[in-house]
Amino acid sequence: MGTETKKMGVLGLTILVAVNMMGSGIIMLPASLAQTGTISILSWFITAMGSMCIAYAFAKCGRFCKREGGMSAYSQEAHGKSSFFIASYTYYICLVISCVAIAVSAAGYIAPFSPWVKSTPIHTFMTVVAILILTTVANFKGAKITERISSFTVWGIIIPVAGLSVIGWFWFDPKMFMDAWNPQHLSNANAVSSGISLTLWAFLGIESAGANSAAVENPEKNVPLACLFGTAFAAIVYIASTSVIQGIVPNAELMHSDAPFGLVFSMMFNPLVGQIITTLAVIACIGSLLGWQFTNAQVSKSAADSELFPAVFGKVTKDQAPVMGMLIMLALELLLACMTISPNLLNQFNALLNLAVFINMVPYVLSMTGLQVMLRKNKVSDREYRFSSVVSTIGVIYSIYGVYACGSNAVFGGSIIVMFGYIFYGFLAGRDVQERMMSGKM
């Protein structure tokens, strides 16, 4: 009885889900969405509904699949061992890209304090590199330090964003909002699609929603509820905060801003308040980056423990930190940062965002399509099977739509990256066959 009272209820888990999802996902989006226009509010509604279906599917997967590996383990249920590798590989690459995008966000918010950051593309690159190195080294002391820092710093963006969603309406100008409805004069369908990949980026991390079921009271009921409530809360805050900004800051000014939340608070109050918000955003970005880098190191360690990644990724220090895996990850991040040097921080961020969203849809689709197998294995009722299958299928279709919305460049580049994964898996499959032959099992 004593241990039961220590478990989280639906409210605690809802807060956890929302905080994990929000992180720094929103920090640059108002500037990116300004290029689409305020019609992007329709993109938010579509993404919110699709993300709630995805959240429900992952909650069910987390409930029925008890093996380690998260999305990789879910996908293996339906697609076999190769999909475990491809899901791990694509998720790993997605997080590498995402970490560079977050570092670019942090550089954008540092720029108002240090114009040197934006003086040349090389200076911007050096700032991004310094941020990536700093957060990687900070992870060397293991999970406890990382968790403490991340759980504190994430509120640096959540509090301003949630606060703006409430108080910003006092400064909101409906005419300014409507004047920015469709600045590119695209068809409604194309305009909404152009905002989908941007809004979907804000919900990445939803896959972790069902990972805490063992620490929750009545997980069969509370985990799906918390996933849906947490996603709905994040969606409300996202929609409200971006809509408020678009009704306070002129669209032409917003679309060229590297620190949109600092800008809106400067206009609402004064430059000092804007600088405080910008400082909080930098702290939140670095904390979020810290957490995602450690998460990615754990993804590669899990794959190495399953003999699907090289053994070097699984080596840990006395602090249980996979430092070698982190250093390899850092090398990949620095290489990617070199490839994205651009005079425009927002262009860098958008290119990385689209590529990350496309690649992350691969493990999303693989894992959600494994749910039907898990439902059958656990002999759920016909009613639960039908409902869960329909919801997860909607989530899969939305994910495929997200791929389409990323654009041809992201799909082309991402497809090549995914294909390389199959080359790597071919060598692993050959090694497995050789080991079975040597052991006499073939």
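**Surface patch, core and side-chain pairs of the predicted model**

Phenylalanine 427 is located in helix H20, which spans residues 408–438; helices (H or I, at least four residues) and strands (E, at least two) are DSSP runs numbered from the N terminus. The structure is a predicted model, in which local features require pLDDT of at least 70 and side-chain atom pairs count only at pLDDT 80 or more, whereas totals for chains, interfaces and linings use all residues. Residues are numbered from 1 along each chain as its sequence is written, and side-chain values rest on heavy atoms, with hydrogens and water left out.

With a relative accessibility of 64%, phenylalanine 427 is classed as exposed; the classes are buried for under 20% relative accessible area, exposed for over 50% and partly exposed in between (1.4 Å probe, protein chains only). Phe427 contributes to a nonpolar surface patch of about 660 Å², together with Phe412, Ile416, Phe420, Ile423 and Phe424. Patches consist of residues with over 30% relative accessible area and no salt bridge, like charges being joined within 9 Å and nonpolar side chains (Val, Leu, Ile, Met, Phe, Trp, Tyr) within 5 Å.

Helix H3 (residues 40–64) is mostly covered, as 20 of its 25 residues are buried. From its first C-alpha to its last, H3 reaches 36 Å, close to the 36 Å expected at 1.5 Å a residue; the expected span is 1.5 Å times one less than the number of residues in the helix.

Aromatic side chains form 18 pairs. Rings of Phe, Tyr and Trp (its six-membered ring) are paired if their centres lie within 6.5 Å, with planes under 30 degrees apart counted as stacked, over 60 as edge-to-face and the rest as tilted. In one of these pairs, phenylalanine 203 and tyrosine 238 are edge-to-face, at 5.2 Å centre to centre and 90° between the planes. Phenylalanine 203 belongs to the loop between helix H11 (188–202) and helix H12 (219–246), while tyrosine 238 is in helix H12, so this pair ties together parts that lie 35 residues apart in sequence. Phenylalanine 203 and tyrosine 238 are both buried. The pair of phenylalanine 265 and phenylalanine 269 is stacked, because the ring centres are 6.3 Å apart and the planes stand at 15°. Phenylalanine 265 is buried at 6% relative accessibility, whereas phenylalanine 269 is partly exposed, with a relative accessible area of 41%. One aromatic cluster is formed by Phe85, Tyr89, Tyr92, Phe309, Phe313, Phe424 and Tyr425; Phe424 is also part of the nonpolar surface patch.

The structure contains 6 salt bridges, each defined as a side-chain nitrogen of Lys or Arg within 4 Å of a carboxyl oxygen of Asp or Glu. One of them joins arginine 63 and glutamate 384, with an N to O distance of 3.1 Å. Arginine 63 is in helix H3 and glutamate 384 in helix H19 (residues 382–405), so parts 321 residues apart in sequence are tied together by this pair. Both arginine 63 and glutamate 384 are buried. A further salt bridge is formed by lysine 377 and glutamate 77, whose closest N and O atoms are 2.8 Å apart. This pair links distant parts of the chain, with lysine 377 in helix H18 (residues 371–377) and glutamate 77 in helix H4 (residues 71–79), 300 residues apart. Lysine 377 is exposed, its relative accessible area being 58%, whereas glutamate 77 is buried at 17%.

Asparagine 139 lies in the loop between helix H7 (121–138) and helix H8 (143–153) and is buried, with 1% relative accessibility. Asparagine 139 and glutamine 293, 154 residues apart in sequence, are 7.9 Å apart in space, C-alpha to C-alpha.

How values were computed: Accessible areas come from the Shrake-Rupley method with a 1.4 Å probe; for residues, only the protein chains shown count as cover.
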